[in-house]
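Take a look at the protein below. We will walk through it step by step, from the whole chain down to single residues.

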Amino acid sequence: MNRVKKILCSVTAVAALITGGVTVSDAEYQNSVGQVEIAGQSLGELRVSPRALDLIGNAEGCRRDPYRCPSGLITNGVGNTHGVIKTSVTDEQIAKDWVKNIQSAERCLYDWRGDAELSQGQTDAFTSFIFNTGCTRFRHNRDGSETRIGHFVRTGQYDLACRQLNRWVYGGGVKLPGLVTRRQKETDMCLSTDG
């Protein structure tokens, strides 16, 4: 029997590299991360909060070594599918890739949203969702029509969009417990009045 040794990493440690060590007990936990610098390299701004990093990171998990995710994509770090190398990666590289991937999800959201401002909780929840599903799937169904969640975000009906999150709990036609949990957390965050 062949066994594959998984090389895990700490979501908390990687998130700390991004946030400068902001924790749940800090006032900044529910505020935008802002400018990110890792190992002396400026990576730009993150609109999500450390709370969103916790949600995304704990839902995705963290692995130093490449693996095949449930969608069949070669992945490493925290849900990274871009430029995955065959060897294990450092916390710093995982953090840099994670920032880049979150920024991509944020661009997808902000380029698509309506004129109304998003709350921090909505930004966090929708970014987590897009990080998980991808931008194209957030916006369009497989037949090319617009998704309900995408439509509601595009037209500024954010509360209605928040209520769509719990519908997205299937993978390969099977209801996945991990997605049920993640979507409920995203929904709660999206509808919260404290962020």
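Start with the surface. The accessible surface of the protein chain comes to about 10,300 Å². Carbon and sulfur atoms own 49% of that area. Keep in mind that this is a predicted model.

Now consider the overall size. Along its principal axes, the C-alpha trace spans about 45 × 40 × 25 Å. How does the radius of gyration of the protein chain fit a compact globule? For 195 residues, such a globule would have a radius of gyration near 16 Å. The chain has 16 Å, so the two agree. Of the 195 residues, 44% count as buried.

Next comes the fold. The protein chain has 8 helices and 6 strands. Read from the N terminus, the elements run α-β-β-α-β-β-α-α-α-α-α-β-β-α. Contacts show how the chain folds back on itself. Take the contacts with a separation of 6 or more: 57% of them join residues 24 or more positions apart.

Charges come next. The chain carries 24 positive and 21 negative side chains. The centres of these two sets lie 10 Å apart.

Now turn to the cysteines. How many disulfides does the structure hold? There are 3 disulfides. Number the bonded cysteines in sequence order, and the pairing reads 1-2, 3-4, 5-6. One further cysteine, Cys69, is in no disulfide. The nearest cysteine sulfur to that of Cys69 belongs to Cys62, and it is 15 Å away. A disulfide needs sulfur atoms within 2.5 Å. Cys69 is buried, with a relative accessible area of 16%. The cut-off for buried is under 20%.

Let us take the disulfides in turn. Cys9 and Cys62 form one of them, with sulfur atoms 1.8 Å apart. What does this bond tie together? Cys9 lies in the segment before helix H1 (11-19). Cys62 lies in the loop between helix H2 (50-60) and strand S3 (63-68). The pair therefore ties together parts that are 53 residues apart in sequence. The torsion about the S-S bond of Cys9 and Cys62 is about -95°, so this disulfide is left-handed. Are Cys9 and Cys62 buried or exposed? Both are buried.

Stay with Cys62 for a moment. Its relative accessible area is 6%, which counts as buried. Which residues does Cys62 touch, leaving out those up to four places away in sequence? The list is Leu8, Cys9, Ser10, Val11, Val14, Gly77, Val78 and Ile94. Cys9, the disulfide partner of Cys62, is among those touched. Cys62 and Asn80 are 18 residues apart in sequence, and their C-alpha atoms are 9.5 Å apart in space.

Move on to Cys108 and Cys135. Their sulfur atoms are 2.1 Å apart, and they form a disulfide. Here the link joins two helices: Cys108 lies in helix H3 (residues 91-112), and Cys135 lies in helix H5 (residues 135-139). So this pair ties together parts that are 27 residues apart in sequence. With 85° about the S-S bond, the link of Cys108 and Cys135 is right-handed. Now compare how the two ends are covered. Cys108 has 4% relative accessibility and counts as buried. Cys135, with a relative accessible area of 29%, is partly exposed.

Cys162 and Cys190 form a disulfide too, their sulfur atoms 2.0 Å apart. Cys162 sits in helix H7 (residues 158-162), and Cys190 sits in helix H8 (residues 177-191). The bond therefore ties together parts that are 28 residues apart in sequence. The torsion about the S-S bond of Cys162 and Cys190 is about -65°, so the disulfide is left-handed. Cys162 is buried, with a relative accessible area of 0%. Cys190 is buried as well, at 2%.

End in helix H8. Thr181 is found there. Is Thr181 buried or partly exposed? Thr181 is partly exposed, with a relative accessible area of 43%. Finally, find Thr133. Thr181 and Thr133 are 48 residues apart along the chain, and their C-alpha atoms are separated by 15 Å.

Definitions and conventions
Residues numbered from 1 in each chain as written. Predicted model: local features only at pLDDT ≥ 70, side-chain atom pairs only at ≥ 80, totals over all residues. Heavy atoms only, no water. Helix = DSSP H or I, 4+ residues; strand = E, 2+ residues; numbered from the N terminus. Buried < 20%, exposed > 50% of the residue type's maximum accessible area, 1.4 Å probe, protein only. Rg over C-alpha atoms; globule rule 2.2 N^0.38 Å. Contact = heavy atoms within 4.5 Å. Areas by Shrake-Rupley, 256 points an atom, 1.4 Å probe, with all protein chains shown as cover. Lys, Arg positive; Asp, Glu negative; His and termini not counted. Charge placed at Lys NZ, Arg CZ, Asp CG, Glu CD.
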